[in-house]
Amino acid sequence: MSRLMDPPPKFLPPEWRLVNQIHYGNAEAERSRSVRLTAESKRLIEESGMAAKRMQQDANKRLEQRIHDIKFWRTELDQKLEEVVQEIEVLISYKSRVERALESCAEPLRVALQCLTERQRRVSIDLVHDDVERELMKEREVIEGVASLLNRTLEQTNEQIRLNRSAKYYLEKDLRDKFQAEQIDGFCSILTSTSPNIDNATSQTSLAAPGATVTPEEWETFSNINILKAEREKNNSLSLRALVDSLLEQTAADMRRQHKAMGTALRLQVQETKAAKGQLEDHLVKVLSEVASQECNLEALRVAIDDKAGPLKVAQTRLSARSQRPSIELCHDPAQVRLLSEVQELTAHIKRLREAQAQSEMELLALTRSQLILEEEIQVKSHSLYIDEVICTQLRQPISIHSF
């Protein structure tokens, strides 16, 4: 029992002092570490504060530079957009000029085709492929060629307007994007540590998708490409406008020249037809006069033949009576000779008169045919003159070739 009740073992004084020294050393070490940590924390706080301020100032400068760059490109894009918009408006006016010029071809072409159709109604020998018809066909070819050329030019103009509007669209889109970027960067540039809602913005940023991988060089190149494209389309548009000016002037000159040539040919043809008609009328007058003369001649021949019938009968009656003379009295005396000669000569005269009468009748028939032919030709010429001088001239009179 006495062993069970022994007092607990105790530490020796050296051990006690050692443990105290250990505690002193640990406390001193912890204090030293705490002092160093406090000093390091203070230095870190100052360093991080200065770094945050420096980085924010640097970010502000970069944002300001970025805003300056955006404004520069916006100015360039605005200027180019204004030029493209103005060019589109001018080109639309040129398109209207081409459309009016194309519309103005319809009436001259219709008149040319109608004149060709009307001149097909000429008859007989007047249905000739003359200078007027050649000029009309050439005029039709010129107008159709001009219309075809203007149609192609109108298509080119529409396509150029489309390309200009495409360039305008990309400029406007680029400008809208840059305006939005400038607004965002402007908002970012005025943010400070005391700005409201930055906690909310920070939480949203952590959830946002990473930024686009577009380098500043690519960003500038993108806008530069849009500007260069717009400049290229503007230059193409200027070239097209110069072409349209030249084309409208040249086509109007070609149509005016051909219209004048056709008018000259028509006037000359009318003059020639009138001259031919006048000569035919002169010949008709002469033929009618000759018909009357030949009718008189035929009547005179009839009268002459009738006049010869009496003396011939007298001579024949005398010969018949003298053939009844008796015996030796049936003598071939001078009276008999004269009577026989008279009968022969009168018969010969009558024969020649009848031949002349037959020739006169044939000549009268020929003159009558010539009269009918001349009258028919005069009608033909009158019909042709009505077509050329009245119908075609009146159709062409209102036509005026304008420059658009």
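Is the crossing of α5 and α6 left-handed or right-handed? In this predicted model, the two helices cross in a left-handed way. Let's start with that pair and then look at a few single residues.

Helix α5 covers residues 216–322, and helix α6 covers residues 334–396. Where they pack, the angle is about 165°, and their axes lie 5 Å apart. Angles over 145 degrees count as roughly antiparallel, so α5 and α6 are roughly antiparallel to each other. What sort of residues make up the contact of α5 with α6? Sorted by class, there are 31 nonpolar residues, along with 18 polar and 19 charged ones.

Now pick out N236, which you'll find in helix α5. Its relative accessible area is 36%.

Finally, a word on cysteines. How many disulfides does a search of the whole structure find? The count is 0; a disulfide here would need a pair of cysteine sulfur atoms within 2.5 Å. Two cysteines you can look up are C188 and C331. C188 has a relative accessible area of 29%, so this residue is partly exposed. C331 comes out at 39%, and so C331 counts as partly exposed.

Conventions:
Residues numbered from 1 in each chain as written. Predicted model: local features only at pLDDT ≥ 70, side-chain atom pairs only at ≥ 80, totals over all residues. Heavy atoms only, no water. Axes fitted to C-alpha atoms, helices over the stretch in contact; angles between N-to-C directions. Helix = DSSP H or I, 4+ residues; strand = E, 2+ residues; numbered from the N terminus. Parallel < 35°, antiparallel > 145°, perpendicular 65-115°, else oblique. Left-handed = near helix turned anticlockwise from the far one by under 90°. Nonpolar A, V, L, I, M, F, W, Y, C, P; charged D, E, K, R; others polar. Buried < 20%, exposed > 50% of the residue type's maximum accessible area, 1.4 Å probe, protein only.
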